Amino acid sequence: MAIPRIRFDQITKSYGSLRVIDGLSLDIAKGEFISLLGPSGSGKTTLLMILAGFESATGGGVWLDGKRIDHLPPYRRDMGVVFQNYALFPHMTVADNIAFPLQMRGVRKAEIAERVKRALDMVQLGAMSERYPAQLSGGQQQRIALARALVFEPAVVLMDEPLGALDKQLREQMQLDIRKLHMRLGLTVVFVTHDQSEALTMSDRIAVFNKGIIEQIGTPREIYDHPATRFVAEFIGETNLIEGTVERVEADMATVRLAGGSEIRVQAGTAATTSAKVLVSVRPERIHLGPDAGERGNALRSTVVDSVYQGDHLRVQLDDGAHGFIVRSDRRTAEWPQGAAVVASFQPEDCWVIAS
Amino acid sequence: MLKTLQVLFGAAAVFFLIVPLIAILPLAFTSGAFLTYPMPGISMRWFNELVTADAWRRSIVNSLVIGCGTTMLATVLGTTAALGLRGRVVLGGLFRTMFLLPMVVPAVVLGVGMQILFVRLGVANSYLGVIAAHTVVAIPFVVVSVSGSLEGIDRRVERAALSLGASPFTVLQRVTLPLAMPGIASGAVLAFATSLDEVVLTLFVAGPNQRTLARQMFSTIRENISPAIAAAAFLFIVGTLLAAAAAIVLKKQRQRRTGLA
């Protein structure tokens with residue numbers, strides 16, 4: 001890789017005896033959309049604030065395009081920040097808000113007008129230029145905040161849970177809009193969120209934060225299909241974690257004996273070594289319910305504990321005598337009455353082994 | 001029932017507050033020579049007296065000069081103090097209390113101290129001395145008022161400005177101060193009103209040339225109870241109301257324009 005746009009090297013941040021970020025290193029490439037995903041208090045926002053220059057790290061260094069920027073104040077860092085509450089200037093019109101970063105850079109008046117107009121068109125709010133922020137809806141304010149952060153073409157765009165205050169429909173629309181802008185303009189984006197589906201939708205890579213460290217970093221597909229730790233498996237989407245012991249490992253497959261006595265075939269990840277105690281992760285949507293296993297390699301005879309209608313799917317709770325698990329079942333298949341005997345079956349490729 | 005009682009109690013409280021004004025103000029228009037009811041007739045002679053009699057005219061001018069000086073000085077210093085005390089500051093609580101102290105210290109104590117100090121500094125019996133004295137008692141009002149409006153400013157808005165390339169000074173100039181302007185303006189009005197109203201400190205530090213309207217009223221009451229006092233009081237109240245009304249109108253205008261609270 002060429003020089004990364006952003007490099008965090010061994011970043012540590014402590015408040016007194018409380019360590020919020022613990023020896024974290026991360027490279028972000030130019031043009032990459034990276035999400036920092038984690039529960040609140042996991043250090044993701046603190047890292048973003050260190051990058052923006054609002055917080056200083058207790059230890060470690062931050063580089064932008066190969067130049068160390070730790071000592072630079074926020075106003076010399078060339079980063080566009082979008083805050084959760086938009087943080088527009090309430091006493092300035094929309095046009096003045098967007099013109100602000102350009103004025104700070106001494107851009108000529110005529111050019112400012114030109115670029116403000118283009119930025120407004122980009123977020124499809126050209127008609128709003130003379131309004132004040134308080135006269136706009138939340139979604140419109142967020143678009144203006146975005147336009148303001150992009151208009152000066154910063155090296156990096158930082159977003160701190162920018163969609164958190166919007167309702168679901170608008171949020172999903174904005175996710176796609178931001179994604180499109182990212183691709184069209186080749187932006188480098190660092191996006192902080194606690195919403196895993198948002199991270200999956202938008203990111204090139206996701207860094208999953210937990211207690212001040214990155215638990216796993218990878219593409220959405222890697223994170224979802226091959227979670228490295230129990231925390232990641234449980235935080236990203238819903239999953240069934242079944243305890244077991246590795247019996248045999250053959251090439252890229254392994255056999256795991258479950259606590260209930262039955263054996264299943266699984267994909268052998270790095271965690272699969274003979275007689276290791278492991279957790280097998282199976283996503284609820286990968287499990288089929290039926291009278292028999294069909295073509296699928298693994299089968300567990302179970303009893304239906306509960307089944308709930310969810311609109312686009314049925315959420316079925318099962319018990320095979322040793323563990324309970326959750327299945328997302330196609331709603332067009334039969335209803336599953338409580339107490340019914342059923343075979344839960346799934347492919348070995350859909351089973352992922354995590355060290356327990 | 002309870003509602004009626006509430007309204008009655010409210011009306012009684014307001015009546016208690018303004019009845020002295022209602023009692024004195026009509027006497028400003030008396031045609032008689034004494035500050036008593038019943039009034040023999042209606043006339044503007046006492047207002048005429050205010051603008052023609054040298055002592056009254058000069059005291060009005062003095063009040064305006066000292067009031068404006070105090071307003072400027074107290075607003076600048078008070079706003080600076082409020083900015084400095086914003087957020088978590090080492091010994092912030094202590095400093096805040098010190099800034100508010102002139103509100104609670106008896107004016108007489110302050111006055112004696114100032115007189116001694118000002119004589120030493122050579123500013124006794126000067127406009128500068130009176131303005132300085134008034135500024136001391138006006139600053140707390142500005143600090144309280146500006147602090148209140150600074151608290152209402154979202155820090156993230158200032159952070160956003162920093163991240164957009166504005167230096168801290170530019171942020172202050174373009175974001176913080178404009179957003180705190182309602183508090184600064186009402187602080188300035190309060191400072192002006194305080195200066196206009198101040199008698200005790202003026203007695204100690206002002207010389208015969210700095211006689212303010214309030215001071216003039218005070219001494220006139222001792223010498224002869226002339227209805228000119230009521231006329232001066234009338235001007236006083238009208239002036240204060242106008243200043244307050246101007247502040248409200250400005251605020252409303254801004255609200256309508258930006259939709260801000």
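Predicted model: local features only at pLDDT ≥ 70, side-chain atom pairs only at ≥ 80, totals over all residues.
Residues are numbered from 1 along each chain as its sequence is written, chains are lettered from A and ligands numbered from 1 in the order in which they are written, and side-chain values use heavy atoms, with hydrogens and water left out.

Let me begin with chain A, which has eight helices and 20 strands; here helices (H or I, at least four residues) and strands (E, at least two) are DSSP runs, numbered from the N terminus. Its C-alpha atoms fill a box of roughly 75 × 45 × 35 Å, taken along the principal axes. Of its 356 residues, 52% count as buried, where buried means under 20% relative accessible area, exposed means over 50%, and partly exposed lies in between, with a 1.4 Å probe and protein chains only. If we take the contacts in chain A with a separation of 6 or more, residues 24 or more positions apart account for 66% of them, a contact being heavy atoms within 4.5 Å.

Helix α1 of chain A, residues 44-52, is largely enclosed by the rest of the structure, because eight of its nine residues are buried. Among the buried ones are A:K44, A:T46 and A:L47. Another buried residue is A:S345, at 1% relative accessibility, which is found in strand β19, residues 341-346. Leaving aside residues up to four places away in sequence, A:S345 touches several others, including A:R286, A:H288, A:D292 and A:N298.

By contrast, A:E153 counts as exposed, at 59% relative accessibility, and is found in the loop between α4 (138-150) and β7 (156-160) of chain A. Its phi is near 50°, a positive value in a residue other than glycine.

As for the records, the unreviewed UniProt entry annotates residues 6-236 of chain A as "domain: ABC transporter"; UniProt positions are given in the numbering used here, feature names are shortened, and annotations may be inferred rather than shown by experiment. Over that span the chain is 36% helix and 26% strand.

Turning to chain B, an unreviewed UniProt entry carries the annotation "transmembrane region" for several spans, among them 64-85 and 97-121. Residues 64-85 are 95% helix and 0% strand, with the end C-alpha atoms 30 Å apart, and residues 97-121 are 92% helix and 0% strand, with the end C-alpha atoms 26 Å apart.

In this chain, B:L91 lies in the loop between α3 (54-84) and α4 (92-104), has a positive phi near 60°, and counts as exposed at 53% relative accessibility.

Finally, how do α4(B) and α6(B), residues 127-151, pack? Their angle is about 130° and their axes are 7 Å apart, the axes being lines fitted to C-alpha atoms, for helices over the stretch in contact, and angles running from 0 to 180 degrees between N-to-C directions. The contact is made by residues including B:F99 and B:M103 of α4(B) and B:V137 and B:F141 of α6(B).
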